[in-house]
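Good morning, colleagues. Please have the sequence and the structure in view while I go through the packing of this chain.

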Amino acid sequence: INAEYMGDLAAVDQLELDGKVQEMYDTLAFSMGENPLNVEVLWRYARACYEFAEEQPEAATRQQHFEDGLRAAQKAVDLDAQNALAHKWFAILLSKIGDYAPTKEKIGNSFHIKEHLLKAHELNATDPTVLHCLGVWCYRVADISWLERKIAGALFAAPPEATFGEAEAYHLKAAALNPDFIDNAVGLADTYMKLNRKVEAKQWYETAAKMKPVTEKERRLQRSASEKAEAL
């Protein structure tokens, strides 16, 4: 990739930081037509699909963009198995697809999600989003229902396992790397609620509520965090 093109990608990354989701998505959708086999474009397009989907009110529209992003992330991983960001966005989007999948598929996907998150962490140990996602993965596995656990036990010789304590550890590592990470602060607070550590949960909900949101998703999270803090 030439220097000029890397400058264009840097400009796209700035749009993401500024919360200009529509502009970022449109720019990368155009770039996908021009550079359909460029790994740097592919993982960024996957990220843009995720961010754009999170802004959409309709479930079917969100699912469509999550699936589109997952295909791009899969292609990026196929083209460069040593790209941490390709693995990261593949895992994140596969996790979002689970919101629309039957239980068997969701459980099966959980193994792949963790595998790609751990690979992303191996390739870049200082990415707070990967650590946060590992915390979310542990939280969700620890929180699965009795029925889902029975199904997992019947379908897989070694079903996924995790604890809320493991979720806490990952979220704390992410917070140390990025103290202004709204999603992570809320995830940590939710984890403390499951551990019945309500004082710490309230502190982290309040911390999340004081952060500066950039996207509509973050504003929704903040409103929820404020309500949960007031209820404690």
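First, the conventions. This is a predicted model, in which local features need pLDDT of at least 70 and side-chain atom pairs count only at pLDDT 80 or more, while totals for chains, interfaces and linings use all residues. Residues are numbered from 1 along each chain as its sequence is written, and side-chain values use heavy atoms, with hydrogens and water left out.

Let me begin with the cores. By a nonpolar core I mean a set of buried Ala, Val, Leu, Ile, Met, Phe, Trp, Tyr and Cys residues joined through side-chain atoms within 4.5 Å. Buried means under 20% relative accessible area, exposed means over 50%, and partly exposed lies in between, with a 1.4 Å probe and protein chains only. The largest nonpolar core has 47 residues, and Tyr45, Leu93 and Leu117 have the most contacts inside it. Two or more residues each come from helix 1 (3-17), helix 2 (21-34), helix 3 (39-54), helix 4 (59-79), helix 5 (84-97), helix 6 (103-123), helix 7 (128-142) and helix 9 (164-177). Helices here are DSSP runs of H or I with at least four residues, strands are runs of E with at least two, and both are numbered from the N terminus. Which helix gives the most to this core? Helix 3 does, with eleven residues.

Leu93 shows what such a position touches. Contact means heavy atoms within 4.5 Å. Leaving aside neighbours within four places in sequence, Leu93 is in contact with Ala46, Tyr50, Phe66, Gly69, Leu70 and Ala73. There is also a second, separate core, of twelve residues, including Ala185, Ala201, Tyr205 and Ala208.

I turn now to helix 9.

Within helix 9, please look at Glu168. This residue is buried, with a relative accessible area of 14%. Not counting residues up to four places away in sequence, Glu168 touches Leu188, Thr191, Tyr192, Leu195 and Arg197.

Next, the aromatic residues. Rings of Phe, Tyr and Trp (for Trp, its six-membered ring) pair if their centres lie within 6.5 Å; planes under 30 degrees apart count as stacked, over 60 as edge-to-face and the rest as tilted. The structure holds six aromatic pairs. One of them, Tyr25 with Phe52, is stacked, at 4.4 Å centre to centre and 10 degrees between the planes. Tyr25 belongs to helix 2 and Phe52 to helix 3, so this pair links distant parts of the chain, 27 residues apart. Tyr25 is buried at 12% relative accessible area, and Phe52 is buried at 11%.

Tyr139 and Phe164 make an edge-to-face pair, 5.4 Å centre to centre with 65 degrees between the planes. Tyr139 lies in helix 7 and Phe164 in helix 9, so the pair ties together parts that are 25 residues apart in sequence. Both residues are buried.

Now the cysteines. With a disulfide taken as a pair of cysteine sulfur atoms within 2.5 Å, the count comes to zero. The sulfur of Cys138 is 11 Å from the closest cysteine sulfur, in Cys133, too far for a bond. Cys133 counts as buried at 15% relative accessibility, and Cys138 counts as buried at 3%.

Lys104 lies in helix 6 and is exposed, with a relative accessible area of 54%. Leaving aside neighbours within four places in sequence, Lys104 is in contact with Leu155 and Phe156. Lys104 and Phe156 are 52 residues apart in sequence and 9.8 Å apart in space, C-alpha to C-alpha. Ala10, in helix 1, counts as partly exposed at 43% relative accessibility.
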